[in-house]
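This briefing gathers selected local features of one model, grouped by topic. Please read the points below alongside the sequence and the 3D view.

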Amino acid sequence: MQKTSLLAIGLIAGLGAAAQARPLTINDVVSLSRIGGADVSPDGRWLVWDQRETDMAANKGRTDLWRLDLSRKGAVPEKLAADPAKSESGPAFSPDGQWVFFTADNGGKSAVWRVAIAGGAPELVVDQDVSGFRIAPTGDKLLVWADRPVGAKSLADKAASKDGGSARTYDHYFVRHWDTWSDGQRSQLFVLPLAGGKATGDGVAIGGALVGDTPSKPFGDGSEIAWSKDGRTVYFTLREAGTTEPLSTNLDIFAAPADGSAAPVNLTRANQATDTLPTVSPDGKWLAYVAMKRPTYEADRQVIQLRNLATGQVRALTEGWDRSVGSLAWSKDGKTLYATAQDTGDDAVFAVDLATGKPTRLTGEGTAAGVLATPKGYVYTLNSLTAPSDFYAGTGVKAGGKPTRLTWVNKDKLAGIDMPSVEHVGFKGANGDTVWAYVMKPAGLAEGAKAPMAFLVHGGPQSSFGNGWSYRWNPALFAGAGYGAVMVDFHGSTGYGQAFTDAINKDWGGKPLEDLKLGFAAVTAKYGWLDGSRACAAGGSYGGYMMNWIAGNWPDGFKCLVTHAGVFDARAMAYETEELWFDEWEHGGPYFEVPANYEKWNPVNHVAAWKTPMLVIHGEKDFRIPYTQGIAAFTAAQRRGIESRLVVYPDENHWILKPKNSIQWYTEVLGWMDEHTKGK
């Protein structure tokens, strides 16, 4: 069972044959341009987006605004706003299509600006420190979100300065989240009037007495907020804090009057699981959103719901579709919902019929995202394992239509780079189920030669490496270094149906490890060029946990291991992590109630069997899996006399984000693997 990747509809085809092709390196990847937030003008003529460039001297990225005239065949992208002293991001068109609003720095504050789509100097709209905004469809109001003290009445309410000692004090848990300590502030919504394109006053808070973050933290965005068509109501997602915040996935959708005249109303109170992505239909009659069923399970299936805003009646639109919806957008005529969902390795765009809920897949291989409706169809981004994102356009709601490529932002930077080939192969895994893996062959591998293996294990665990580009764990970089990269979507992975995703629950070291062993055997038997005797395994987060588990339960499998931000001691993790709902769902309850569930799959209990050389990497700002877990794994290896190395980043969280740190990370990882598979 196999399919050969078409590299996401020829994403890299046409780069041109270079005289001396070379493999991809981390220096190439960190230098690539990255397209981000985007919008299309109401008439469908203009596409605008923010594009990130790497500033190596400053060790960070900076963004500019670009525009593309979709009405002109052969039009090329051009910069719209590009002040070198600012990072312009999050563009959104005004309702008349004449202006593009965006956020950018203003004297150390993240302010709201606007620039004419025809060009010209940007104008300041809101000179307040805000995180994002939404323009009312009526064009007379601007909603912004910003971190302010709990109960703030306007944007003018700021955190009081601290006197005395340096201690933080708390009376409830959830004292830190992702990479930030709680400081008494919450992301809150404020509405300001707009006149002549300028906002006036300090705005009015519309959250009433609610305590929580909207958008949600750490990864929520404007997709959790929507205006009514008449501009009188705001719909938003929020999880009420209280004393159970670290135990709850109960995000609800609220409706609040835009003038702050009444308290918000909880529209989804009956559902104790996640409700999010409120999206209002073009005619203003319907609110589409997604909902999970099982409280405290963050990877439950997200089903599209349709709410009649006049009657309050709700219908589960995609209950019969065994895929989890990741984003929503209405077609311009209001007859179709465009949804994205993972589907057997890809992230695809689907057209969902409003009458039947039937989904029709519109896009082919690769990872599609950021769907924007246009009068003629939709615009979206697409990337693959071997190509970064670009914009494409699709038309209609029929399957099989060929998309139109709109941009090629990295054409020059990728010219002359010989990308690896990719195959998607199925095999019999645990319980006899079909399990899928991606196998990536280094470009230019000589006939009869064998490549050492980079056996990569994804995090989540409810996730997937999938057919998508990454700026953190990028399999093409391992292939560029001469490795055959293998990525198995073990039981627990997403995009293969909810039952397959659920199968990892209370079984972290069971079926997933069996899948990895069977997948290793299957690909080495199938691909003669893949050298299983020279293999290193590497993984982050849950993948890092799996490295620690493999160390004690598959100790003869690999020449070396790389564990990044991995769980080493399940008992300590149960009390040190911040989002308790995750750990307690995965193991069937809190540690003090079901300790056996944690200890059954606890790597710390198998250290006596460890013998594989191990590289341990962790960020000190990682509060999801605290860095002490990495230190403990390194200490265990050292006490066992096992060759080991510890790399700690004081300025990184659960992920490695800074350009220079990313280069260093790959240098460490590939150097470690080379030493143990190539003798270098």
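Strand β3 is largely enclosed by the rest of the structure, because seven of its 10 residues are buried, where buried means under 20% relative accessible area, exposed over 50% and partly exposed in between (1.4 Å probe, protein chains only). The model is predicted, so that local features need pLDDT of at least 70 and side-chain atom pairs count only at pLDDT 80 or more, while totals for chains, interfaces and linings use all residues. Residues are numbered from 1 along each chain as its sequence is written, and side-chain values use heavy atoms, with hydrogens and water left out.

**Strand β3 and its partners**

- Helices (H or I, at least four residues) and strands (E, at least two) are DSSP runs numbered from the N terminus, and two strands pair if DSSP finds at least two bridges between them.
- Strand β2 (residues 34-40) pairs with β3 in the antiparallel sense over five bridges, and D39 stands opposite V48 in β3.
- The hairpin of β2 and β3 has five residues between the strands, and G44 takes a positive phi near 80 degrees there.
- On the β4 side, β3 is joined by 10 bridges in an antiparallel arrangement, with R62 in β4 as the bridge partner of E53.
- The hairpin of β3 and β4 has four residues between the strands, and N59 in the turn has a positive phi of about 60 degrees.

- Most residues other than glycine have a negative phi, and most peptide bonds are trans.
- N59, in the loop between β3 (46-55) and β4 (60-69), is buried with a relative accessible area of 17%.
- A565 has a positive phi of about 50 degrees although it is not a glycine; this residue is found in the loop between β38 (560-564) and α8 (570-576) and is buried, with a relative accessible area of 1%.
- The peptide bond from T214 to P215 is cis, with omega near -5 degrees, and P215 lies in the loop between β16 (204-205) and β17 (225-227).
- The peptide bond from K217 to P218 is also cis, with omega near 10 degrees, and P218 is likewise found in the loop between β16 and β17.

**An open four-stranded sheet**

- Four strands form an open, antiparallel sheet in the order β6-β7-β8-β9, in which the edge strands β6 (89-93) and β9 (123-126) each pair on one side only.
- Strand β8 (residues 109-116) is joined to β9 by three bridges, the two running antiparallel, and V112 stands opposite V126 in β9.

**A buried threonine**

- T237, in strand β18 (residues 233-238), is buried with a relative accessible area of 0%.
- The side chain of T237 makes a polar contact with the side chain of T276 at 3.3 Å; such a contact is a pair of N or O atoms within 3.5 Å, and within protein one must be able to donate a hydrogen and the other to accept it, while residues adjacent in sequence count only if both atoms are side-chain atoms.
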